Amino acid sequence: MQSLRIGVAVMAGGKSSRMGCDKAELMHDSGDCFLTALCKRLDFFAYRYVSVNGGRGYLVDGFDPVTDTVADAGPAGGILSVLSLTEADAVLVLACDMPDFTADEARRLLSLYAGEDVLVPVIRETWQPLAAIYSKNTLQVFRDSLDSGNFRLRDIIRRTRFRTVQVPRESEFNYVNINTQDEYRLYECNHSILF
């Protein structure tokens, strides 16, 4: 099989309602904000995007900004917008609020990807749809779902030819996301939080 071209899209610019401030701009201990720190680790991809929901200008060197074409559709709208314009065959989609997601974990997922519509990492039965690989083959499913008003990623994924892969316990830290001020304080103190 011909090798697949896989890109990466970092999702930024969400409402951050539980955090009360923009999670993309939270500071990582590297000295960069969450968004920039994550993008720097993923700069080995040939196709690189930062997905935003409009109104915010996130500029990261080497990453093309992509504004949602469907307003207020959440991450599903961002994924649709990226898949609509990328020249890659599939895109690893990552939330910017997973500050410790590593290049090694990205490469591990790439090594497992076999061309299915969606490859979804799973931690103890919990899907990680904002750390998954989405094929361009899912474009019509995304369009149909958003047209019908269903923005739930899990519902959209279930309509595709998807596969789940278990995340090894030693790799679970990659998927810790920061959603509240309390979680951020724990992260600042311990450089991680428990699930």
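A salt bridge is taken here as a side-chain nitrogen of Lys or Arg lying within 4 Å of a carboxyl oxygen of Asp or Glu, and a search of the whole structure by this criterion finds 6 salt bridges. The structure is a predicted model, in which local features need pLDDT of at least 70 and side-chain atom pairs count only at pLDDT 80 or more, while totals for chains, interfaces and linings use all residues. Residues are numbered from 1 along each chain as its sequence is written, and side-chain values use heavy atoms, with hydrogens and water left out.

Side chains of opposite charge can pair when their charged atoms come close. One of the salt bridges joins R5 to D89, with the closest N and O atoms 3.4 Å apart. Helices (DSSP runs of H or I, at least four residues) and strands (runs of E, at least two) are numbered from the N terminus; R5 lies in the segment before β1 and D89 in the loop between α2 (74–85) and β4, so this pair ties together parts that are 84 residues apart in sequence. Solvent accessibility is described in three classes, namely buried (under 20% relative accessible area), exposed (over 50%) and partly exposed (in between), as computed with a 1.4 Å probe on protein chains only. On this scale R5 is partly exposed, with a relative accessible area of 38%, and D89 is also partly exposed, at 26%.

A second salt bridge is formed by the side chains of E172 and R124, at 2.5 Å from N to O. This pair links distant parts of the chain, 48 residues apart, since E172 belongs to the loop between β8 (162–166) and α6 (181–190) and R124 to the loop between β5 and β6 (126–127). E172 counts as buried at 6% relative accessibility, whereas R124, at 44%, counts as partly exposed. The side chains of D155 and R152 likewise meet in a salt bridge, with an N to O distance of 3.4 Å, and D155 is partly exposed, with a relative accessible area of 26%.

The backbone of the loop between β5 and β6 was also examined. Most residues other than glycine have a negative phi, and most peptide bonds are trans. In R124, however, phi is near 45 degrees, a positive value in a residue other than glycine. E125, found in the loop between β5 and β6, has a positive phi of about 75 degrees although it is not a glycine, and E125 counts as exposed at 72% relative accessibility.

Attention then turns to the interior. A nonpolar core is a set of buried Ala, Val, Leu, Ile, Met, Phe, Trp, Tyr and Cys residues joined through side-chain atoms within 4.5 Å, and the largest such core has 32 residues, those with the most contacts inside it being L35, L42, V50, L94 and F101. Two or more residues are given to this core by each of β1 (6–11), α1 (34–41), β2 (48–52), β4 (90–95), α3 (103–112), β5 (118–123) and β7 (131–135), and the largest share, 4 residues, comes from β4. Apart from this core lies another, of 27 residues, among them A76, V91, Y134 and V141. With contact defined as heavy atoms within 4.5 Å, and with neighbours within four places in sequence left aside, L94 is in contact with V8, A9, V10, M11, L38, L42, F101, L130 and A131.

Helix α2 contains the buried residues A76, G77, G78, I79, L80, S81, V82 and L83. In helix α4 (residues 139–147) is found D144, which counts as partly exposed at 33% relative accessibility. D144 and I156 are 12 residues apart in sequence, and their C-alpha atoms are 9.2 Å apart in space.

Rings of Phe, Tyr and Trp (its six-membered ring) are paired if their centres lie within 6.5 Å, and planes under 30 degrees apart count as stacked, over 60 as edge-to-face and the rest as tilted; by this rule the count comes to 4 aromatic pairs. One of them, formed by Y134 and F142, is edge-to-face, with 5.8 Å from centre to centre and 70 degrees between the planes, and both Y134 and F142 are buried. A charge sits over a ring if NZ of Lys or CZ of Arg is within 6 Å of the ring centre and within 35 degrees of the ring normal. The charged end of R107 sits over the ring of F44, 3.9 Å from its centre, and R154 lies over the face of W127, at 4.1 Å from the ring centre.
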